[in-house]
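Opening the notebook on a new model today. I'll jot down what I look up as I go, starting with charged side chains and then moving out to the fold.

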Amino acid sequence: GTVVCDRPAFYSEKYIWPVGYKSTRIYSSTKNPLTKVKYTCEILDGGDRPLFRITADDMPEEIVMATASS
């Protein structure tokens, strides 16, 4: 990802939220808790603050999005 230095909501003393950063994690499915699926977490440019998007491989149409709190 790219560190955004000109907008204070993209970093703090404890955290840096680089735009374009992606990570994946295997975790229990919310659709079928007996199976494990890959979740992709991304940091997007939400304008004045980071936008976080989480997508599960078994439900790509059910995207979870949230902004960072101030």
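Predicted model: local features only at pLDDT ≥ 70, side-chain atom pairs only at ≥ 80, totals over all residues.

Entry 1: I checked Arg-7 next: it comes out at 24% relative accessibility, so it counts as partly exposed.

**Entry 2: Arg-7 again.** What else does the side chain of Arg-7 meet in a salt bridge? I found Asp-45, at 2.9 Å from N to O. Arg-7 belongs to the segment before β1 while Asp-45 is in strand β2 (residues 36–45), so this pair ties together parts 38 residues apart in sequence. I also looked up the cover on Asp-45: with 41% relative accessibility it is partly exposed.

**Entry 3: Arg-53 and Glu-42.** I moved on to another charged pair. The side chains of Arg-53 and Glu-42 form a salt bridge, 3.1 Å from N to O. Arg-53 is a strand β3 residue and Glu-42 a strand β2 residue, so the bridge ties together parts that are 11 residues apart in sequence. Is Glu-42 buried or exposed? I get 12% relative accessibility, so Glu-42 counts as buried, since the class takes anything under 20%. Arg-53 is at 23%, so I put it down as partly exposed.

**Entry 4: the salt-bridge tally.** Searching the whole structure, I get 4 salt bridges. Through shared partners, Asp-6, Arg-7 and Asp-45 are joined into one network. A reminder to myself: side chains of opposite charge can pair when their charged atoms come close.

**Entry 5: the elements.** I then listed the secondary structure. The chain has 0 helices and 4 strands, and from the N terminus on the elements read β-β-β-β.

**Entry 6: the sheet.** In what order do the 4 strands lie in the sheet? I read β1-β2-β3-β4, in an open sheet with antiparallel pairing. β1 and β4 stand at the edges with a single partner strand each, so one side of each has no neighbour in the sheet. I noted an average twist of 25 degrees from one strand to the next.

**Entry 7: β3 against β4.** I zoomed in on this pair. Strand β3 (residues 50–56) and strand β4 (residues 59–67) run antiparallel, paired over 5 bridges. A hairpin of 2 residues joins β3 to β4. At one spot I found Ala-56 with Met-59 as its bridge partner in β4. At another, Phe-52 stands opposite Ala-66 in β4.

**Entry 8: Thr-55.** Thr-55 counts as buried because its relative accessibility is 16%. Which residues does Thr-55 contact once I leave aside its neighbours within four places in sequence? I get Lys-38, Tyr-39, Thr-40, Pro-60 and Ile-63.

**Entry 9: a nonpolar patch.** Val-3, Tyr-11 and Ile-16 make a nonpolar surface patch of about 280 Å². Tyr-11 sits in the segment before β1 (22–28). Its relative accessibility is 36%, so Tyr-11 counts as partly exposed.

**Entry 10: the whole chain.** The C-alpha atoms fill a box of roughly 45 × 20 × 20 Å along the principal axes. How much of the chain counts as buried? I get 20% of its 70 residues. The chain exposes about 5,100 Å², with carbon and sulfur atoms supplying 56% of that area. Finally, I looked at contacts between residues at least 6 apart in sequence: 20% of them join residues at least 24 apart.

How values were computed: Residues numbered from 1 in each chain as written. Heavy atoms only, no water. Patch = residues over 30% accessible without salt bridge, like charges linked within 9 Å, V, L, I, M, F, W, Y side chains within 5 Å. Areas by Shrake-Rupley, 256 points an atom, 1.4 Å probe, with all protein chains shown as cover. Buried < 20%, exposed > 50% of the residue type's maximum accessible area, 1.4 Å probe, protein only. Pairing = 2+ DSSP bridges. Axes fitted to C-alpha atoms, helices over the stretch in contact; angles between N-to-C directions. Contact = heavy atoms within 4.5 Å.
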